[in-house]
Every structure is written in C-alpha cells, then in structure tokens.
Amino acid sequence: MKQFFRSLLAKYMLIILTAIFIVQIAYLVIALFMVKIDHHIENSNKNSPEVVEANWHKAANNIEKDINKNILSLFDNWKEKYPEATMFWINQNGVLSEQVNVKGRFPNKWDSTYTAKFMKESYANDPFTVIAFVGKDNSHGFVVLQIPRKTFNPPMVKANEKYGTMLSIVMLAIIILFIAISFIFFRGIRKRLLHLQDAMTIRDVDQLPIEIDLIKKDEIGQLEQTFNQMVIELRESKQREKKEEQLRRELIANLSHDLRTPLTKIRAQTYTISKEKLSQEGKNAVKGLEKSVLNIDHLIENLMSYTLLMASKYNFDPIEVDVVRQVRECIASWYPVFEKEGFTIDVELQSFDNHEWHVDPIWLERILDNLFQNVLRHANEGLFVKVKTVSTTQYDAIIIADHGKGMNNQSNEKGAGIGLSIVDLMIKNMDLEWDIQSTNDGTTITIMKNY
C-alpha cells in the first residue's frame, strides 16, 4: 500500500480527486448564489413596473394636507428605495416646484402643450416614467417619477452585470490552475525520462553507461533502479571479461614460450638426424617433420600476433612506403620457396601513380607473408601463384591469385584461420580494404587503397 501511494498512478488519481472536489465546491457556491438570486426574484416581483406605478399613484393621491412638506417626504422615501430615481412636482399653477436628481433641463412653467409633449415622449421610453396627480381631487398638480429601466431587469441579468466578470475570472483561474498543475506534473515526468535517456547515451572510461541518482520511488524510480542494476551487471561483466582476456593473453604467451623451447630442440634433433645415412623413406620422414615444425612455429607466431592485435598492443608505426617495391622484395624472398615446391610464379608489378601508401611496412610484410604462406599450404595442388598490381583513378590494388581448389575445399593443411584473421585486423587498422574471391578453380585476394 505504501508503494502504491508513491506511484505516479496515485499522484494522477489525487489530481483527479482534487478536480472533482473543486468542481463540487463550485457547484455548492453556484447553488448558494442561485438561492440568493431566487430571493431577489421574489423581491423583484414586488418592485415590477406595474407595482411601482400603482404605489406611486397611491402615495400621490393620499397627500391632502401640507402639500409641499408631504411631497418632499414622499421624494425622500422613494429616494431611499430607488437612489437613481428622478422626481419633480409641477404644482396646480404649472410651476416646477420641487425636484430630486433632475439631470435634464425642464422649463419652470409648464403649459398644457409641453405637458402633453412630455407625456408622449416619456411613454414606453427609458427612463420608466410615472405621472400621478396629487390629492384625491387632483387639484394640487402632479408629481413625476423616472426610474432607469435597467432597475427592473431580471435578477439573473443584474447578477451577470454585477458578478459576470468576477465569475469569468474565477473560472479562468481554475482552468489555468489545472493546466499549470498538469503541466508541472507531466513536465516532471518528461524531465526524468530525458535524464534517463541522457544517462543511457553517456559513457564512462570503459564505454559503459553511468548510474543515475534515485530521487523518487515511483514507476520511473523503479525503472531508474533497474537501469542502475543493469549498469552494475554490465560493469561486473566487463571486469570479468578483462580478467578473462588477461588470463587468456597470459596463457597464450606462456604456451608460446613453453612450446618454442621443445620446438627448438626438435628442430636441432631433426637437423642431426638429417645428417645421418638414411633411406629415402627416412629422408622423406625427416623432411615432413621439418615442415611440421615450421608450421607449428608459424602457428605460434600467428597466435601471439593475433592476441597482441586484439589487445591493441601490437606495435604500429605507419610511414610513407613504396608499396610496389616492398611487394617485389617480398615475392623475391618467397621465390625460392615456391620454386622448390614446383610452383609456377607469374609476377606483373607496375608502379602506382600514387606509389606510396601510408602504412606500417612491418605490418604489410606480415600480411604478404601470411597470404603467401596460405597459398603454399592450401593451393599446392594447382602449383601456381600470380602477383600483380592494378591502378585506376579510384584505387590502387595488389592482387594475389592461385589455382588451388578454393578456401571451401577441405584440406589436411587447413588450420583455424588465424592467419587470415591477422590479415583482416591489420588491413582494417591501416585503412585499407581487401576482398576474397574463391572458387574450385582458385582464389583471388585483392588489397586496395582507395583515393
């Protein structure tokens, strides 16, 4: 239950419940306001134009004595009820005698013509006008009452005029409040998600994501905790991988050192045996033994080189190299070996327009040695090797081709492919490209420098 109250769902439900509560309060306020309006409606029915007109006639007709004093008293009483009302008295002689809140200009002497004109203009006009004779015998002139017609507006219209702006402001404030709360709520969620996204892209020195601080224990907090756990597991896995890699390198280095010592002894003993008088079968056996020792020594060298390359500890010193010249020197050193094995050697080396490559000459020599060794071991059925150069406007290339049975063919000399793996790593690290085309009729390897 405690975990639920910390969740985003609980917070969202709290916002909804708050909204419902505020709406209910608003309904209650409106209901109370409507009750007040109903009360005004009851009172307003008592103050309709018809009632006002009847009351004004009744009050004027009841004045019999002290005319001047009673009329002033009448004006005072009605002014308390209708502060905006205009009242004046035209006496029996047609003279404007008393007036209250008169804003226009009336003549002091009213004749029958002006009186008729006034009554005609005031009928059904604004302000609402009532003319009543003073006294029951109508012998003391008449009194005029003018009230703005908006005074008789329905209570809802009056309420809207008086409180409409305030109610609109309150409703707008409530809407803005909910928008602000929702914006803050979802902005907080978005900010935390973006923070988690940034943490996924940032890497430490081991190229692993970094852990993030846990702020809350809601669903996003659980996601952040899971992310941190994943980072911890990745870091532990990386450390185990480093330890295993270190152990593997140490094992390979130790095995290479330990294997080379007995190989040296075997090579020495083989040389001693070859000096003895042996039958032809014995000589062939010694020759096969020497070849196996050389293959094992080459395999150990490749294994050491591959391990150093994978650990980025193989010395790399690129310079500007005359590639065609180095290829020519390398094939010259291998020429006796191929000739001894009965290979036909075809060399077509033409200088490049851009004859210098920015490469490590030791690495390039190692690449060529591995490729020639591969031809010697796996293409001895075809007894043919060709080395040539190709130059175009897009690239320069070194091509080594043989007439063997192809790399897909099963061979007794086939190893684990470490030699070609070394070639691949060295070529890529020197920003070169290479391609292998192998069929049952032979293999063609192309090393390219693009421009």
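Asp424 and Lys428 join their side chains in a salt bridge, 3.3 Å from N to O. A salt bridge here is a side-chain nitrogen of Lys or Arg within 4 Å of a carboxyl oxygen of Asp or Glu. Both residues sit in helix H11 (residues 418–429), four residues apart, about one turn of the helix. Helices (H or I, at least four residues) and strands (E, at least two) are DSSP runs, numbered from the N terminus. Lys428 counts as exposed, at 53% relative accessibility. Exposed means over 50% relative accessible area, buried under 20%, and partly exposed in between (1.4 Å probe, protein chains only).

This is a predicted model, where local features need pLDDT of at least 70, side-chain atom pairs count only at pLDDT 80 or more, and totals for chains, interfaces and linings use all residues. Residues are numbered from 1 along each chain as its sequence is written, and side-chain values use heavy atoms, leaving out hydrogens and water.

The whole structure holds five salt bridges. Another of them pairs Glu211 with Arg235, with the closest N and O atoms 3.5 Å apart. Glu211 lies in the loop between helix H6 (155–201) and helix H7 (219–274), and Arg235 in helix H7, so the pair ties together parts 24 residues apart in sequence. Glu211 is partly exposed at 40% relative accessibility. Arg235 is partly exposed at 22%.

Now to the strands. Lys386 forms a salt bridge with Glu348, the closest N and O atoms being 3.7 Å apart. Lys386 belongs to strand E8 (residues 384–391) and Glu348 to strand E6 (residues 344–348), so this pair links parts 38 residues apart in sequence. Glu348 is partly exposed, at 38% relative accessibility.
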